[in-house]
Amino acid sequence: MILVPRVAPLTPIPGRVTRRPRSRRPCVPSTSAPAGVPPGLPVADRGTARALTLQGLTKVYRGGVEALRGVDLEVEAGDFFALLGPNGAGKTTAIAIVCALVRRTGGRVAVFGHDLDRDWAEARASIGLMPQEHNFNVWEPVVEILVNQAGYYGVPRREAYARAESLLDELGLWDRRRDQARSLSGGMKRRLMLARALVHRPRLLILDEPTAGVDIEVRRSIWGLLRRVNAGGTTIILTTHYLEEAESLCRNLAIIHRGTIVAHSAMGDILRRLHRETFVLSLRQPLGEAPALPGYTLRWLDPHTVEADVEQAQGVNGLFEGLSKLGIEVASLRNKVNRLEEVFMRLVDGQPGPG
Amino acid sequence: MGARASWLAFQTILIKEVLRFLRIWVQTLVPPAVTTALYFLIFGQLIGAQLAPVEGVRYVDYIAPGVILMAVITNAYSNVVSSFFSSKYQRYVEELLIAPVPSGVVLAGYVAGGVLRGLAVAAVVSAVSLPFADLSVRSWPVSLAALVLTATLFSIAGFVNAVFARSFDDISVVPTFVLTPLTYLGGVFFSVSMLPHPWRDLSLLNPILYMVSAFRHGTIGAGDVSLASAFAITGAFTLALGAFALWVLGRGFGLKG
């Protein structure tokens, strides 16, 4: 594992009052790493192996509920991968199986080529999980939670403290390190769980709804941190209900629905499958009705807002030109719904795929 | 996971467990001291003073090893059952289930925590007994071996109870309806030779009798059964229950969906 010194200044996470003493040595000496990877964060080797392989994964719970019906999935090492799906689709079950929290009914799991049954120790040592719900000892001091986590992975106690302090500093929890975890706010608890998932420097980081319930400022900070972790070579698998989060962070994705993978491709490819997008246009001058523009469908929402459907072949340039010829000046435009959300809804609603 | 990593994981669990019971010392170390003082006051001083010597020693001196061992049994058991069940209840047991920690290391860490609490309580309770009883030790190795073996056995029992427990009721049922009666009937306050037939023979089916006897051999130099059979039976129970605990942990009973 390659460790690096701080190269670029970090965006501070809100909520921090004071920093730890500057004299404290960074917990990670270093030789080389991508710029911007801060000390304390994992810097994994970029390997050619697949980070995760699921083959024919099935899970039938007691009572006959089929949570997974033969899931095949491959995540490349170094990827930032989104695993999306509606509630009850099987995302959390799949993650729990990978993390050895749930026994699978059938199929095979390999983490960086290590079979989860045969090479279970190597496979599990590679994984860091930030689960959806809080699962730490609320009576324990914050720093102890991280130190214990590192200890379970064979990190000596002194080094575990150094790593924990560095991560707590990065995540704005340094001042709360001696407090019992129960006293943290919801957003702080999410950050603590992220720190815990990172403290043993996993090569595969699995995040189940990492930013659920945190404010937008903290969410953006966490996004920045995750980008830096991924830039350091750590493979990240993200499940989220915030599809703009997946679109913003991830390069590849799979959509799981009713226990099967219904889409698995690069983020760009799946977004290009959208044949039509709907834009909301803010106008400088008020209009009494929707303008008539040949080839486009426009709907009047209020005097300063219209909605336009734009086919992929048309593009927005034609729309602007047409409106300009009519003397209508557009102040701004935005997608009516997130593009990924639109694809997602079409796939999981059982409608024909956009492609 | 290599031997060093396993050792560090064991250390981590053990330190966590010890810090846990030290952090709440008012709940873990003080109550046995109070209870024991009451036992010595009532059974030793008030009632015991009226009784004839047992096995050649004063009644209060005879019950002292049993009372100490009773505290060890209760505390070793409750330490592990409450700690491991809490980790299930709050779901932070998942930290260990995800980590590459072998089942044996998890079990050993929790059991070692229970044993240390048992020994800490034994020290506290022994100190409390000093004003009331003449706490002589005939053999330190036998006494310590009996204490450690008993604490180990009941720590494992607490672990198994926690694995299968689904509610806080489930972790109080065994101590209330199994452990306490067996302890009281296990020769803590009497010698089984004082019992009429068939109770004397039935008492020999009680595993706690063998542990109390082993400890009594180490302290006052007498017991209801021979030292060899006391250790053999206690050791056999420990090995059998330990193997069962490892098996259930490996299979993930009560822990994995």
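This is a predicted model: local features need pLDDT of at least 70, side-chain atom pairs count only at pLDDT 80 or more; totals for chains, interfaces and linings use all residues.
Let me start at one pair of residues: in chain A, T297(A) stands opposite D309(A) of strand β13(A), where a strand is a DSSP run of E at least two residues long, a helix is a run of H or I of at least four residues, and both are numbered from the N terminus. Residues are numbered from 1 along each chain as its sequence is written, and chains are lettered from A and ligands numbered from 1 in the order in which they are written.

Back to that pair, then. Strand β12, residues 297–302 of chain A, runs antiparallel to β13(A) and is joined to it by five bridges, and two strands are said to pair if DSSP finds at least two bridges between them. Between β12(A) and β13(A) there are two residues, and the two strands form a hairpin. On β13(A), which covers residues 305–311, there is also an antiparallel pairing with β11(A), residues 276–283, over seven bridges. Within β13(A), V310(A) is the bridge partner of E277(A), and T305(A) is the residue that S282(A) stands opposite.

What order do the four strands of this open sheet take? The order is β12-β13-β11-β14 in chain A, with antiparallel pairing. The edge strands are β12 and β14 of chain A, the latter at 330–335, and each of them pairs on one side only. From one strand to the next the twist averages 25°, with angles running from 0 to 180 degrees between N-to-C directions and axes being lines fitted to C-alpha atoms, for helices over the stretch in contact. Helix α9 of chain A, residues 315–325, lies across β11, β13 and β14 of chain A and runs at about 135° to β13(A).

Twelve residues of domain 1 of chain A are in contact with eight residues of domain 2 of chain A, contact meaning that the C-beta atoms of two residues, placed from the backbone, lie within 7 Å. On the side of domain 1 of chain A that touches domain 2 of chain A, α7 (243–249), β9 (252–257), β10 (260–266) and α8 (267–272) of chain A each supply at least two residues, and α7(A) gives the most, with four residues. The residues of that side of domain 1 of chain A divide into nine nonpolar, one polar and two charged; here Ala, Val, Leu, Ile, Met, Phe, Trp, Tyr, Cys and Pro count as nonpolar, Asp, Glu, Lys and Arg as charged, and the others, Gly among them, as polar.

There is another open sheet in chain A, with six strands in the order β6-β7-β8-β3-β9-β10 and mixed pairing. At its edges stand β6 (127–130) and β10 of chain A, each with a single partner strand, so one side of each is left without a neighbour in the sheet. Neighbouring strands of this sheet are turned by 15° against each other on average, direction ignored. The pairing of β6(A) with β7(A) is parallel, over four bridges, and in β7(A) the bridge partner of L129(A) is I206(A). Helix α5(A) packs on this sheet, touching β6 and β7 of chain A, and its direction makes about 175° with that of β6(A).

Now, how many of the eleven residues of helix α3(A) are buried? The helix, residues 142–152 of chain A, is mostly covered, with eleven of its eleven residues buried, where buried means 20 or more other C-beta atoms within 10 Å of a residue's own, exposed means 12 or fewer, partly exposed lies in between, and the C-beta atoms are placed from the backbone. The buried residues of α3(A) pack against α4 (157–170) and α5 (186–198) of chain A, together with α1 (3–23) and α5 (93–98) of chain B. Just after α3(A), G154(A) takes a positive phi of about 85°.

I will finish with some backbone details. Most residues other than glycine have a negative phi, and most peptide bonds are trans. F112(A), however, has a positive phi of about 50° although it is not a glycine, and F112(A) counts as buried because it has 22 C-beta neighbours inside 10 Å. In chain B, a cis peptide bond joins H197(B) and P198(B), with omega about 5°, and P198(B) lies in the loop between α8 (168–184) and α9 (199–203) of that chain.
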